[in-house]
Amino acid sequence: MRFSTSLILIKLFVIQYLSVLCVSQDFDFFYFVQQWPGAYCDTKQTCCYPKSGKPSADFGIHGLWPNYKDGSYPSNCDPDSVFDKSEISELTSNLEKNWPSLTCPSSNGFRFWSHEWEKHGTCSESELDQKDYFEAALKLKQKVNLLQILKTAGIVPDDGMYSLESIKEAIKEGAGYTPGIECNKDSAGNSQLYQVYLCVDTSGQDIIECPVLPKGRCASDVQFAKF
């Protein structure tokens, strides 16, 4: 009887330990992902501007995503850690400018930010609380001005075609690290620059060389859409 009771207690301890481990999910690095609004909107799906109005013609944050070196990633790590907009009240205007939502119907951004926190942010709680998570992404965007980096290399959003390699090289030169590039297709089927991935250490502060790059389906020449 004592043995059976001890076994049950051990099982309960293991279950409790595993649940805590899941919530404080470890990870190897972040993908810091920025998207070009011109490419998001120039598809068959189209887009809806936020209630605050049309975003500026600049790369917007898509997310800060914990990842593993084998290419997999954790998600929805803590169902108890729900998005609380009061935690980011000081950041709201900055988020509206730099992390706008382009999905339809038009929104104020909270639905988008809630999704990003609950799917990705909760998996970095061992390093960043909710406010720190959004603040880290905003600081990273300040650190790497993608649009200016590309403009300096003569790559501008004019609906022109640019070689994929020239885009990668320009960002590597400007940011100091090799980016991952993701493309989508416009309504005419042209491959266009959509998202740029840079890797960040687990503190959410320093850009690093990517342990693994995402597999972006891009043509050798891609369009840089107007916005």
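Start with W99 and F134, which are both buried; buried means under 20% relative accessible area, exposed over 50%, and partly exposed in between, with a 1.4 Å probe and protein chains only. Before going on, the conditions: this is a predicted model, where local features need pLDDT of at least 70 and side-chain atom pairs count only at pLDDT 80 or more, while totals for chains, interfaces and linings use all residues. Residues are numbered from 1 along each chain as its sequence is written, and side-chain values use heavy atoms, with hydrogens and water left out.

Now the aromatic pairs. Rings of Phe, Tyr and Trp (its six-membered ring) pair if their centres lie within 6.5 Å; planes under 30 degrees apart count as stacked, over 60 as edge-to-face, and the rest as tilted. How many aromatic pairs does a search of the whole structure find? It finds 15. One of them is F83 with F110, a tilted pair at 6.4 Å centre to centre and 50° between the planes. F83 sits in the loop between β2 (60-67) and α3 (92-98), and F110 in helix α4 (residues 110-119), so this pair ties together parts 27 residues apart in sequence. Helices (H or I, at least four residues) and strands (E, at least two) are DSSP runs, numbered from the N terminus. F83 counts as buried at 14% relative accessibility, and F110 counts as buried at 19%.

Back to W99 and F134: their ring centres are 5.2 Å apart with the planes at 50°, so that pair is tilted. W99 is in the loop between α3 and α4, F134 in helix α5 (residues 130-143), so the pair ties together parts 35 residues apart in sequence. Ring pairs link F83, W99, F110, W113, W117, Y133 and F134 into a cluster.

Two lysines lie over ring faces. K85 is over F110, at 5.0 Å from the ring centre, and K54 is over F227, at 4.7 Å. The criterion is NZ of Lys or CZ of Arg within 6 Å of the ring centre and within 35 degrees of the ring normal.

Next, α5. Its buried residues are Q130, Y133, F134, A136, A137, L138, L140 and K141. What covers them includes β1 (29-35), β2, α3, α4, β5 (191-200) and β6 (207-208); contact means heavy atoms within 4.5 Å. At the start of α5, a side-chain oxygen of D129 comes within 3.3 Å of the backbone nitrogen of K131.

Last, the annotated site. Which residues does the UniProt annotation "active site" cover? According to that unreviewed entry, H62, E116 and H120. They are spread over 59 residues of sequence but cluster in space, with a largest C-alpha distance of 11.2 Å. UniProt positions are in the numbering used here, feature names are shortened, and annotations may be inferred rather than shown by experiment.

H62 is in strand β2 and is buried, at 16% relative accessible area. Leaving out residues up to four places away in sequence, H62 touches V33, Q34, Q35, W99, F112, E116 and Q195. E116 is in helix α4 and is buried, at 1%.

Technical notes
Polar contact = N/O pair within 3.5 Å; in protein donor to acceptor, adjacent residues only side chain to side chain.
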